[in-house]
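Visitor: Hi, could you show me the structure and talk me through parts of it?

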Amino acid sequence: MNDLFKTPLKKKLSLILGSKKAKEEIFEDVEELLILSDISMELVEQILANLRKNSKLTFEKEDFFRVLKEELKGIFAGLDAPRGAAVDTLLPVDKLKIAGKEPETDKDEKKIIMLVGVNGSGKTTTAAKLAYLYQSRGKKVLMSAADTFRAAGSSQLSLWGERLDIPVIGGERGADPGSVVYNSLNSFMTKGYDVLLIDTAGRVQTKENLMKELEKLTKIIKKFVPSGPSDTLLVIDATMGQNTLDQAKRFKTFSGITGMVLAKVDGTAKGGTVLNIVNEMRIPVKFIGIGERAKDLAPFSADEFVDSLLSD
Ligand SMILES: Nc1nc2c(ncn2[C@@H]2O[C@H](COP(=O)(O)OP(=O)(O)OP(=O)(O)O)[C@@H](O)[C@H]2O)c(=O)[nH]1
Ligand SMILES: [Mg+2]
């Protein structure tokens with residue numbers, strides 16, 4: 001993913017480092033550049049403080065980049081998949097305890113993934129991409145169109161379903177998304193599916209009633225699988241600025257997100273926003289969206305991400 005970012009930081013950083021300015025001025029320019037890349041002021045200050053006290057830092061370009069990269073990669077410590085990790089290992093299909101099924105050891109290999117996020121972030125497309133991924137790995141996949149809010153909400157996923165030959169359970173526009181989720185879980189449990197992808201309606205994180213609806217959806221899933229969804233993925237639009245941290249906090253409160261998908265990475269020159277969220281919330285980024293086709297989903301690797309952020 002070396003050419004992901006259209007205005008590489010590295011070029012601008014190289015100019016700064018080549019400017020022969022005084023050390024302090026260089027730090028100030030670097031600081032400004034990182035802020036312009038959507039990294040929050042707080043995190044930039046933290047990064048700069050670490051650079052300042054790093055005795056190994058010189059202002060030779062390659063050396064500076066190496067230290068800066070280490071610093072940025074360090075933000076993902078403990079939350080990162082190894083470079084080149086197989087997609088299957090990121091979100092494996094685990095053994096889940098099914099409600100009412102005894103004994104406790106009698107668990108099924110199933111996966112339930114719910115996608116949440118603000119309007120237009122890329123949830124429906126990501127649901128289809130994940131469905132395609134599991135299908136291509138031989139899993140029997142079902143999709144649930146719990147976006148009954150928009151007229152096109154359900155039909156958009158159905159269209160993907162037709163294209164990928166994956167069944168979709170939806171409802172009429174305005175129908176209770178809870179009932180769609182309930183019906184989907186019913187089919188999922190009784191018809192031998194392995195993976196269920198639940199696409200939800202876009203919602204602004206400040207609308208309390210809509211956020212509570214997510215809590216309700218999780219509760220319905222728990223009626224079938226006491227531990228709830230295997231994963232609740234927050235889909236974030238990589239082209240959006242700093243407001244994503246607030247999004248992540250609110251969605252975590254109401255739906256207990258377990259991971260993130262950074263969509264539309266192909267369309268941004270910045271991308272620093274993910275660093276803020278990971279730094280503050282310690283939630284892993286699982287995938288990146290790199291286009292509009294079903295196969296345009298890649299595992300997230302901090303190594304590759306930082307390298308591409310600082311590539312030529
Ligand atoms: N270039 C690019 N476009 C994407 C990507 N993911 C989604 N899109 C596009 O972004 C737009 C919105 O995507 P959706 O999947 O409909 O977003 P959503 O979150 O389901 O939207 P709502 O249901 O309205 O909240 C569509 O035009 C998608 O094709 C991506 O990784 N790269
Ligand atoms: Mg949608």
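Guide: Here are a few notes on a strand, a ligand and a helix. This is a predicted model, in which local features need pLDDT of at least 70, side-chain atom pairs count only at pLDDT 80 or more, and totals for chains, interfaces and linings use all residues. Residues are numbered from 1 along each chain as its sequence is written, while chains are lettered from A and ligands numbered from 1 in the order in which they are written.

Visitor: Thanks! Why is strand β8 largely enclosed?

Guide: Five of the five residues in β8 (residues 285-289) are buried, so the rest of the structure largely encloses this strand. Buried means that 20 or more other C-beta atoms, placed from the backbone, lie within 10 Å of a residue's own. Strands are DSSP E runs of at least two residues and helices are H or I runs of at least four, numbered from the N terminus.

Visitor: Which way does β7 pair with β8, parallel or antiparallel?

Guide: Parallel, over three bridges, with β7 covering residues 259-263; pairing takes at least two DSSP bridges. V261 sits opposite F287 of β8.

Visitor: And β9?

Guide: β9 (residues 297-299) runs antiparallel to β8, joined by three bridges, and I288 faces A298 there.

Visitor: Switching topic, what surrounds ligand 1?

Guide: 21 residues do, the closest being K123, T124, T125, G202 and G289. Helix α6 (residues 123-136) gives the most to that shell, three residues.

Visitor: Last one: what follows α10?

Guide: G256, with a positive phi near 55°. Among the buried residues of α10 are L245, F251 and F254.

Methods. A residue is buried if 20 or more other C-beta atoms lie within 10 Å of its own, exposed if 12 or fewer, and partly exposed in between; C-beta atoms are placed from the backbone. A residue is near a molecule or strand if its C-beta atom, placed from the backbone, lies within 6 Å of it.
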